[in-house]
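Subject: A structure for you to look at

Hi,

Here is the structure I promised to pass on. Have a look at it first, and then read my notes below.

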Amino acid sequence: MHPIKERALRELQERIDNSPEKIDNWKLYAGSPMYFYCKLCEGTIVVPENWITKNDYCEPCTMIKEFGFLNDDEEIGPIDIGVINKPKELEK
Ligand SMILES: [Zn+2]
C-alpha cells in the first residue's frame, strides 16, 4: 500500500475510534454554530448558523475521497475496506 494512503487510512481509523460525542443542535442557543458530523469518520464539522453549503466530510476525509483512497484505484490499487471498522450506524 502506498505510504500516504496507508497513513491516511490509519488516521481515518483513529478518527472513527475516537469520534466525538454528538451535539444536539436543537438544544443550542439561536445564533450558535451548527454541528454536523463527517459521513466517513463522524468527526465534528462546525458551520455558522446561517450556513449555505457545508461539506459532508471533514477535511482529511475530503482528501481521502479526492485521492480515491476508498475506491478501486488502478494507480494505488484497491483498498481493503475490511480493515476499517466503521461504526455500525454508518453501514447501509
Ligand atoms: Zn471525516
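Read from one end of the sequence to the other, the chain goes α-β-β-α. That comes to two helices and two strands. Both kinds of element are DSSP runs numbered from the N terminus: helices are H or I with at least four residues, and strands are E with at least two.

Before the details, please keep in mind that this is a predicted model, where local features need pLDDT of at least 70 and side-chain atom pairs count only at pLDDT 80 or more, while totals for chains, interfaces and linings use all residues. Residues are numbered from 1 along each chain as its sequence is written.

Let's start with the strands. S1 covers residues 34-37 and S2 covers residues 44-47, and the two pair in the antiparallel sense over four bridges. (Strands count as paired if DSSP finds at least two bridges between them.) If you want to trace the pairing, methionine 34 has valine 47 in S2 as its bridge partner, and phenylalanine 36 sits opposite isoleucine 45 in S2.

S1 and S2 make a hairpin, with six residues between them. Glutamate 42 lies in that loop, and its phi is near 70°, a positive value in a residue other than glycine. As background, most residues other than glycine have a negative phi. Is glutamate 42 buried or exposed? It counts as buried, because it has 20 C-beta neighbours inside 10 Å. The cut-offs are these: a residue is buried if 20 or more other C-beta atoms lie within 10 Å of its own, exposed if 12 or fewer, and partly exposed in between, with C-beta atoms placed from the backbone. Of the 92 residues in the chain, 12% count as buried.

Now the helices. Two packed helices are described by the angle between their axes and the distance between the axes. H1 (residues 3-17) and H2 (residues 59-66) pack at an angle of about 140°, with their axes 11 Å apart. The axes are lines fitted to C-alpha atoms, for helices over the stretch in contact, and angles run from 0 to 180 degrees between N-to-C directions. H1 and H2 are therefore oblique to each other; angles under 35 degrees count as roughly parallel, over 145 as roughly antiparallel, 65 to 115 as roughly perpendicular and the rest as oblique.

Which residues make the contact? On the H1 side they are Ala8, Glu11 and Leu12, and on the H2 side Pro60, Cys61, Met63 and Ile64. (Two residues are in contact if their C-beta atoms, placed from the backbone, lie within 7 Å.)

Glutamate 11 of H1 counts as partly exposed, with 14 C-beta neighbours inside 10 Å. Its C-alpha atom is 9.8 Å from that of cysteine 41, 30 residues apart along the chain. Isoleucine 4 is also found in H1, and it is exposed, with 12 other C-beta atoms within 10 Å. Isoleucine 4 and phenylalanine 69 are 65 residues apart in sequence and 9.7 Å apart in space, C-alpha to C-alpha.

Tyrosine 57 counts as partly exposed, with 19 C-beta neighbours inside 10 Å. Cysteine 38 is 19 residues away from tyrosine 57 in sequence and 4.4 Å away in space, C-alpha to C-alpha. Leaving aside neighbours within four places in sequence, tyrosine 57 is in contact with Cys38, Lys39, Leu40, Thr62 and Lys65.

Finally, a figure for the chain: among contacts between residues at least 6 apart in sequence, 37% join residues at least 24 apart.

Cheers
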